[in-house]
Amino acid sequence: MAGFRMGEGILRRKPIEHIEETEVGEGTRLERSLGLWQLTAIGVGGIIGAGIFTLAGTVANGTAGPAVLVSFLIAGVASAAAALSYAEFAGLIPKAGSAYTYGYAVLGELAGWFIGWDLLLEYTAIVAVVAIGISGYFSFLVGEMGADLPNWMLGAPGTGEGHRIDLFAAVLCLLIAYLLTLGIKNAARFEMVVVVLKVLVVLLVIAVGVFHIDTANYNPFFPYGVGGAFTGAATVFFAVFGYDAMSTAAEESKDAQRHMPKAIIYSLVISMVLYVAACLVLTGMQNYRDIDKESGFSTAFESVGLDGLANVIAVGAIIGILTVMFTFMLGVTRVWFSMSRDGLLPQWFAKTHPTRHVPTRVTWIVGVASALIAGFLPIGEAAELTNIGILLAFVVVCAAVIVLRYRQPDLPRTFRTPWMPVVPAVGIVFSIWLITFLQWQTWARFAVWFAVGLVIYFGYSYRRSVLARR
């Protein structure tokens, strides 16, 4: 009998029709102030970054050649399948937490807990990885200006002679946390300005680069075969899912039910158009064998005598990648806030600032945690923490949208995923396929994090959740 009650407990679901009523406690509501284009900017900010400025060159040189364009298209189609599922949920459940909240409402408390628990680690690690990447660009630019920085502050221990800490990466994490504590209005204004600058840099690259394309560089288009393009898709997929972090801000949207589905779709479409155009320019300007894996566009423009523009691109890369940090730190703080408000973590974390209405407590905790990872872990080790949880979140959201469509077909939906259940099924299959590419070390870390989550859930969350108390 006790086992039956336990099984029933872990499957309890947040009631979608009365989801507002499940929230308790003073000072645990967020301010609705984001419009459609601010949400779209946050989504674009999370998607466009390392994909254009780093991954495009890496995949073109070693995996796909000019067919890197096809790699992005494949990844975009697969990501769109998940994005359409997210869009349906964002209009139906306009609450903070994204995949965590959707899983909790449809598949039950334990499923929601583990998706939220995974995303806490994944999003925090992404912030750290991006900070380390920006730090590398910053050190390069400082060196170009003739400055000589001490070795102890240039990288994590073991990454170079005399390295003790990646100081710039750690400080950058804390600065983003500070920005987010100023209030979502101010933070979103900053994000909007930076995203516009980033898009202008990408458009400049495309507009100038198109006049230096040599069509002979496109031959052969599939130097590594069609399989190389699919392998490249597995790599660049991680550059086209920033909309999931953006969807965690649903509760801060002025009209989430109308705006969130549009913002998810707009951000992915805008980003994919820019990705495709940029890949055409990059592989047309240089033979794929000569493209630099780390700074492809800068070296491509240097190769045609445009050194000044190459430096502008390097600055644009820093700006572009900075917005990714913003989007994913916003995401992790809103997931943590939502889990705490639901009682799965201590509700102390769900308290918001009395005037700015943002979860400042969890924001500073995430800022410090990401700063420690960025400062003391090599980028490779930090990056290994970022993959599996997001793919599992995609599987859960795509499965949940199918389940809910058949369980409660008459719920008022402002957006409906088309071609049900084929579209979400594509998202599930592609996500599982990508999971098979992960290293065993990633699975080992996930297993440890999973075990810790089990202990916390059954030792604390199971009995203290809001639904359990009610």
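Trainee: Are Phe89 and Tyr102 buried or exposed?

Mentor: Keep in mind that this is a predicted model. Buried means under 20% relative accessible area. On that scale, both Phe89 and Tyr102 come out as buried.

Trainee: What kind of ring pair do Phe89 and Tyr102 make?

Mentor: A search of the whole structure turns up 23 aromatic pairs. For Phe89 and Tyr102, the ring centres are 4.8 Å apart and the planes sit at 10 degrees. Planes under 30 degrees apart count that way, so the Phe89 and Tyr102 pair is stacked.

Trainee: Which helices hold Phe89 and Tyr102?

Mentor: The pair ties together parts that are 13 residues apart in sequence. Phe89 lies in helix H4 (residues 68–92), and Tyr102 in helix H5 (residues 99–106).

Trainee: How are Trp113 and Trp117 separated along helix H6?

Mentor: Their ring centres are 5.3 Å apart with planes at 15 degrees, so that pair is stacked. Both Trp113 and Trp117 are buried. They are four residues apart in helix H6 (residues 109–144), so the separation is about one helical turn.

Trainee: Which charged residue sits over the ring of Tyr462?

Mentor: Tyr462 belongs to one aromatic cluster with Trp113, Trp117, Trp449, Tyr457 and Phe458. The charged end over its ring, 4.7 Å from the centre, is that of Arg12.

Note on methods
Residues numbered from 1 in each chain as written. Predicted model: local features only at pLDDT ≥ 70, side-chain atom pairs only at ≥ 80, totals over all residues. Heavy atoms only, no water. Phe/Tyr/Trp six-rings, centres within 6.5 Å; stacked < 30°, edge-to-face > 60°. Helix = DSSP H or I, 4+ residues; strand = E, 2+ residues; numbered from the N terminus. Buried < 20%, exposed > 50% of the residue type's maximum accessible area, 1.4 Å probe, protein only. Lys NZ or Arg CZ within 6 Å of the ring centre and 35° of its normal.
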